[in-house]
2 protein chains.
Amino acid sequence: MGYIGYRIGLSTKAALRQTGRQVGSLSRSYATTSRAIIYSQYGEPVDMVRPYEHQIESEPKDNQVLLRLLAAPINPADINQIQGVYPRRPAFTTKLGTSEPTVAAGNEGVFEVVKTGSKVTNCKPGDWALPGVSDFGTWRTWAIAESADLNPITEHSNLTPVQAAMVSVNPTTAFQMLREFVDLKPGDWFIQNGANSAVGRAAIQIGRMRGLRSINVVRDRPDFDAMKEELTSLGADHVITEEQAASREFQSTIDSWTQKAPIQLALNCVGGKSATSISRKLAFGGHLVTYGAMSKKPLTMGNGQFIFQNIHAHGYWLSEWARQHPEDKKKLERDILKLISEGKFKTGPVTTNKWTDGQTEEEFGETFKKAMQASLDGSGKQVMVYE
Amino acid sequence: MGYIGYRIGLSTKAALRQTGRQVGSLSRSYATTSRAIIYSQYGEPVDMVRPYEHQIESEPKDNQVLLRLLAAPINPADINQIQGVYPRRPAFTTKLGTSEPTVAAGNEGVFEVVKTGSKVTNCKPGDWALPGVSDFGTWRTWAIAESADLNPITEHSNLTPVQAAMVSVNPTTAFQMLREFVDLKPGDWFIQNGANSAVGRAAIQIGRMRGLRSINVVRDRPDFDAMKEELTSLGADHVITEEQAASREFQSTIDSWTQKAPIQLALNCVGGKSATSISRKLAFGGHLVTYGAMSKKPLTMGNGQFIFQNIHAHGYWLSEWARQHPEDKKKLERDILKLISEGKFKTGPVTTNKWTDGQTEEEFGETFKKAMQASLDGSGKQVMVYE
């Protein structure tokens, strides 16, 4: 399936390239077949999502852009949204042609610009594009979008689709958290838990670029030494276990590393005891920033930590910042992609899951559900790739 | 005992007034008998403190000031300090003449200036004086202090000693918390627990003066209606119980009061579930400020409150602010005393405990310990008054 404007036996990629050059009235009457992962009510994610094949207009009008998916990851926030436990709810509509109101799921990914409407100025066929708004619906093979809702990536020759697909949420979150709460200077320390998460890895690398030093907490694990080596290779100064982070005795080791320099920032994506542990490492006046809750445990802190240690606890929600500063968000994504293309920033390990036009609609759906289940099982980051 | 420069049968007060006028070489050789509540190690407060009678120089030199106690309250922080659980520890010395290092306890109170050294310019006999530094040792009947360590109150004709003795800690804390975290405008709402505490009552009144509106949480109690009436008379807009604050159903009542105007500030002196309750009333981006922990329970908040509601949790420790801004603190105390003298601010209910020169040293100690025990038992605010 895929782009069917040219039913002349071209592979989709070839058709895509050709389409990229041929914009005009000739193809006005054609439609494009798109497949999407949609849902119509909240609940257990694997039960709620279903594949949906539909035709979309292949000729973008005015400010519209015809997009073809390159790659889209499955993030925890996407899953929480389908579970109905995410505070931002997408709009259910019938605009995809469903009989009941539905929404195309997925919030992150990268598309290729296939055609542009006559009034589009910010991108051209062949460019890549990231969603520039929330709830874009990235788990679909083709889409018509408003050009204003996109962040076009004009220069992508040194990037892979998977790299570009994963820049919007995690590296940007890390980048923002390292600058929004404390004015850290080169040589300053921060501490984080879940340090091997996508945000954690990004924070290590961004911190290192800025000359910051980091103490990185990961779960106790059999392959701790390998993990330590991996994170150290990204720029982590120290990698420790949750057990070490919770130990009062271990504080002297940390003191020897930092020479008792104040740790003013702690990044928390775990919650529970792990959050308490890293908050105790903070100096007077330090800031604890929560951006995740992998342990699903609430955050507990002694009153004295607030009153006498003057600790400040905050949360960070990138979506809200992006809503308020859409252009800053777009620029940040482009900046980070530039770092990636220059080899200065590494994206984390992923498992790719292929969508192809050779799959039936059912196979398309099953491929996705298998990836989603792997994501729910904690089997690492899953990315859908459309070839 | 007391000031014994004039052993001529004058009452202490008369002697004090006379001394206030006679400064010079005539009395240079006299000494003053002072009694203090001292301790030399941390532990159970009633067991640790003891009375101590000693002579002090009655002729202040250079920048010194001879002070006579008027009144001093017993605050939770004083008790915590003796327990050794307060983060700021006073300096144990032998300067009072004890054989082992000790410290005079008490951090808040008001003295009368009896005599001033030749270089003192900031106060004169007859003025009152508040401690201008931490760990002053207010639980003593007479003292020699550096004039720079005092906050002189020149105009006190409309003030009682008890009013002046209690301005340094609680009203100042309330005043600062209402201005340091959120730029509240007239008509804005705040919420607080422990609303019948000294800080709570101060926040109600200071808030009202600024045109703020308050929702005040107090413990469920048999005399709730009387408490509600009392706090309302101070300016509380609404007074509710902990049970109501914790109830999800009660939210609609609060919404009807506020017309869903955002509550941006919550003041917490309880901790535990009470803190969680009031934090849930906060609007997006709101601030929870902890200044006490009456429940002795840690503060627990959902990760989502931080991430998605953008709640900020802080603590407030007046001592630290005072250490950094000693002159601001002094001015704030004078401003609040002016409000009190104008009848615009009411200090809360207290129990007074009298120290007199007619008491033996042992009676002096027992009077204090009885008051301290009442304070530990939760029998309301205890104030020592020296007559």
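Start by selecting T172(B): leaving aside residues up to four places away in sequence, T172(B) touches V167(B), L318(B), K329(B), L332(B), E333(B) and I336(B). Touching, or contact, means heavy atoms within 4.5 Å. T172(B) belongs to helix α5 (residues 170-180) of chain B. Helices (H or I, at least four residues) and strands (E, at least two) are DSSP runs, numbered from the N terminus. Is T172(B) buried or exposed? T172(B) has a relative accessible area of 0%, so it counts as buried. The cut-offs: buried is under 20% relative accessible area, exposed is over 50%, and partly exposed is in between (1.4 Å probe, protein chains only).

A quick word on what you're looking at: this is a predicted model, where local features need pLDDT of at least 70, side-chain atom pairs count only at pLDDT 80 or more, and totals for chains, interfaces and linings use all residues. Residues are numbered from 1 along each chain as its sequence is written, chains are lettered from A and ligands numbered from 1 in the order in which they are written, and side-chain values use heavy atoms, with hydrogens and water left out.

Next, stay in chain B and pick strand β17 (residues 382-386). Five of its five residues are buried. Q382(B), M384(B) and Y386(B) point one way from β17(B), while V383(B) and V385(B) point the other way. In a regular strand, side chains alternate between the two faces of the sheet.

Two strands pair if DSSP finds at least two bridges between them. Strand β3 (residues 64-74) of chain B runs antiparallel to β17(B), joined by four bridges, and I74(B) has Q382(B) as its bridge partner. Strand β16 (residues 351-355) of chain B runs parallel to β17(B), with five bridges; look for W355(B) opposite Y386(B).

Which order do the strands take in the open sheet of three strands in chain B? It is β2-β1-β4 (chain B), with antiparallel pairing. The edge strands, each pairing on one side only, are β2 (50-57) and β4 (103-104) of chain B. Helix α14 (residues 361-376) of chain B packs on this sheet, touching β1 and β2 of chain B, and its direction makes about 40° with that of β1(B). Zoom in on β1 (residues 31-39) of chain B and β4(B), which pair over two bridges, and find Y39(B) opposite V103(B).

Over to chain A, which has 14 helices and 17 strands. Of its 387 residues, 57% count as buried. Its C-alpha atoms fill a box of roughly 70 × 40 × 35 Å along the principal axes.

Select helix α6 (residues 198-209) and helix α7 (residues 224-234) of chain A: they pack at an angle of about 40°, with axes 8 Å apart. Axes are lines fitted to C-alpha atoms, for helices over the stretch in contact, and angles run from 0 to 180 degrees between N-to-C directions. That makes α6(A) oblique to α7(A), since under 35 degrees counts as roughly parallel, over 145 as roughly antiparallel, 65 to 115 as roughly perpendicular and the rest as oblique. Show R201(A), I204(A) and Q205(A) in α6(A), which meet M227(A), E230(A), L231(A) and L234(A) in α7(A).

Last stop: strand β15 (residues 312-315) of chain A. H312(A) and H314(A) point one way, A313(A) and G315(A) the other, and all are buried. Strand β13 (residues 287-290) of chain A pairs with β15(A) in the parallel sense over four bridges, and L288(A) stands opposite A313(A).
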